[in-house]
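Colleague: I have a model open and would like to learn how to read it. Can you take me through it, one feature at a time?

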Amino acid sequence: MSSSNSLHSGIKCQTCSIKRLCLPVMLADSDIEHLENIVQRKKVLKKGEFLFHAGDSFDAIHAIRSGSLKTYTISSDGTEQITGFHLPGEIVGLNAISSTQYPSFAKALETSLVCSIPFDKLESLARELPGLQKQIFKVMSGEIREEQDLMMLLSKKNADERFAAFIMNFSARFKRRGLSDKEFQLTMTRGDIGNYLGLAVETVSRLVTRLQKQGLIAIQDRYIQIVDMQGLSTLAGTACHVI
């Protein structure tokens with residue numbers, strides 16, 4: 001057995017450390033067993049590898065077990081627009097449910113493990129398990145809320161507020177995983193951050209320097225420490241704690 005298959009074979013929804021962040025949350029153990037029967041644990045993505053491409057046939061939604069991914073679209077003139085960064089416990093591919101194709105690309109930012117759930121089987125199982133159907137709706141509702149909050153983020157008046165809100169967002173998401181909300185790694189490049197926030201990469205670098213001088217954050221390579229949580233939260237604005 002290969003190391004990747006061995007790694008996947010030991011992962012079960014019931015014992016997964018992030019199950020409360022994923023689909024099985026709030027399901028009875030017997031219901032989780034039914035869900036486990038349709039989950040395909042076959043994807044080990046290396047940095048730079050794709051989970052799916054825009055235009056690929058939609059066949060599954062994907063739960064990130066470990067690592068991180070970015071999703072993005074490419075315009076007719078070849079311009080890349082990042083639409084999101086995704087962490088363990090989060091679901092990728094929900095925006096394709098209304099279509100027959102994935103509307104965006106999903107690429108690994110680091111070595112990542114992904115649990116894929118065939119949507120046709122999930123749909124059938126949800127009709128039998130009301131708890132699962134309720135959880136799917138909850139996850140979809142959360143994605144809609146995040147899109148609305150993203151629009152609020154990008155409408156912030158200045159770059160400082162956008163960048164502060166971006167960091168506060170990751171802080172909140174790491175906290176939900178049971179990890180430190182004050183020290184964590186940003187796996188994306190500054191160019192990716194700038195693309196996502198609508199800022200030039202030079203602007204992102206200046207923001208990093210400025211927020212460090214203000215004593216709000218400290219950054220070493222891609223590891224960030226929030227030094228003044230209240231000050232950074234105030235700069236971000238209360239409406240932008242979670243995006």
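**Reading salt bridges and cores**

Modeller: Start with one residue. Arg-173 is buried, with a relative accessible area of 8%. Keep in mind that this is a predicted model.

Colleague: Why does Arg-173 count as buried?

Modeller: Buried means under 20% relative accessible area. Arg-173 has 8%, so the residue counts as buried.

Colleague: Where is Arg-173 placed?

Modeller: Arg-173 sits in helix α5.

Colleague: Which residues is Arg-173 in contact with, leaving aside neighbours within four places in sequence?

Modeller: Phe-85, His-86, Leu-87 and Glu-90. There is also a side-chain polar contact between Arg-173 and Asn-169, at 2.8 Å.

Colleague: With which residue does Arg-173 form a salt bridge?

Modeller: The partner is Glu-90, and the closest N and O atoms are 2.9 Å apart. This pair links distant parts of the chain, 83 residues apart. Arg-173 is in helix α5 (residues 159-176), while Glu-90 is in the loop between β5 and β6 (91-92). Both residues are buried.

Colleague: How many salt bridges does a search of the whole structure find?

Modeller: It finds 4. One of them joins the side chains of Glu-80 and Lys-70, at 3.3 Å from N to O. Glu-80 belongs to strand β5 (residues 80-86) and Lys-70 to strand β4 (residues 69-74), so the bridge ties together parts that are 10 residues apart in sequence.

Colleague: Are Glu-80 and Lys-70 buried or partly exposed?

Modeller: Take each residue separately. Glu-80 is partly exposed, at 28% relative accessible area. Lys-70 counts as buried, at 7%.

Colleague: Which residues are linked with Lys-70 in a network of salt bridges?

Modeller: Glu-80 and Asp-192. When you see a salt bridge, check for a network too.

Colleague: What about Asp-160 and Arg-210?

Modeller: Their side chains meet in a salt bridge, 2.9 Å from N to O. Asp-160 lies in helix α5 and Arg-210 in helix α7 (residues 201-213), so this bridge ties together parts 50 residues apart in sequence. Asp-160 is buried at 15%. Arg-210 is partly exposed at 37%.

Colleague: Now the nonpolar side. What is the general idea?

Modeller: In soluble globular proteins, nonpolar side chains tend to be buried together. Here, the largest nonpolar core has 35 residues. Those with the most contacts inside this core are Leu-23, Leu-35, Ile-61, Ile-91, Leu-122 and Leu-132.

Colleague: Which elements give two or more residues to this core?

Modeller: Three helices are on the list: α2 (29-36), α3 (119-128) and α4 (130-154). The strands are β2 (50-52), β3 (60-66), β6, β7 (105-108) and β8 (112-118).

Colleague: Let me zoom in on Leu-132. What does Leu-132 touch?

Modeller: Leave out residues up to four places away in sequence. Then Leu-132 touches Leu-27, Leu-35, Leu-122, Leu-125 and Ala-126. A second, separate core has 33 residues, including Phe-85, Phe-166, Met-168 and Leu-199.

Colleague: And for the protein as a whole, how many helices and strands are there?

Modeller: There are 8 helices and 11 strands. Of the 243 residues, 47% count as buried.

Colleague: How should I read contacts along the sequence?

Modeller: Look at the sequence separation. Take contacts between residues at least 6 apart in sequence: 73% of them join residues at least 24 apart.

Colleague: What does the accessible surface come to?

Modeller: About 12,400 Å², of which 50% belongs to carbon and sulfur atoms.

Methods: Residues numbered from 1 in each chain as written. Predicted model: local features only at pLDDT ≥ 70, side-chain atom pairs only at ≥ 80, totals over all residues. Heavy atoms only, no water. Helix = DSSP H or I, 4+ residues; strand = E, 2+ residues; numbered from the N terminus. Buried < 20%, exposed > 50% of the residue type's maximum accessible area, 1.4 Å probe, protein only. Core = buried A, V, L, I, M, F, W, Y, C linked by side-chain atoms within 4.5 Å. Contact = heavy atoms within 4.5 Å. Polar contact = N/O pair within 3.5 Å; in protein donor to acceptor, adjacent residues only side chain to side chain. Areas by Shrake-Rupley, 256 points an atom, 1.4 Å probe, with all protein chains shown as cover.
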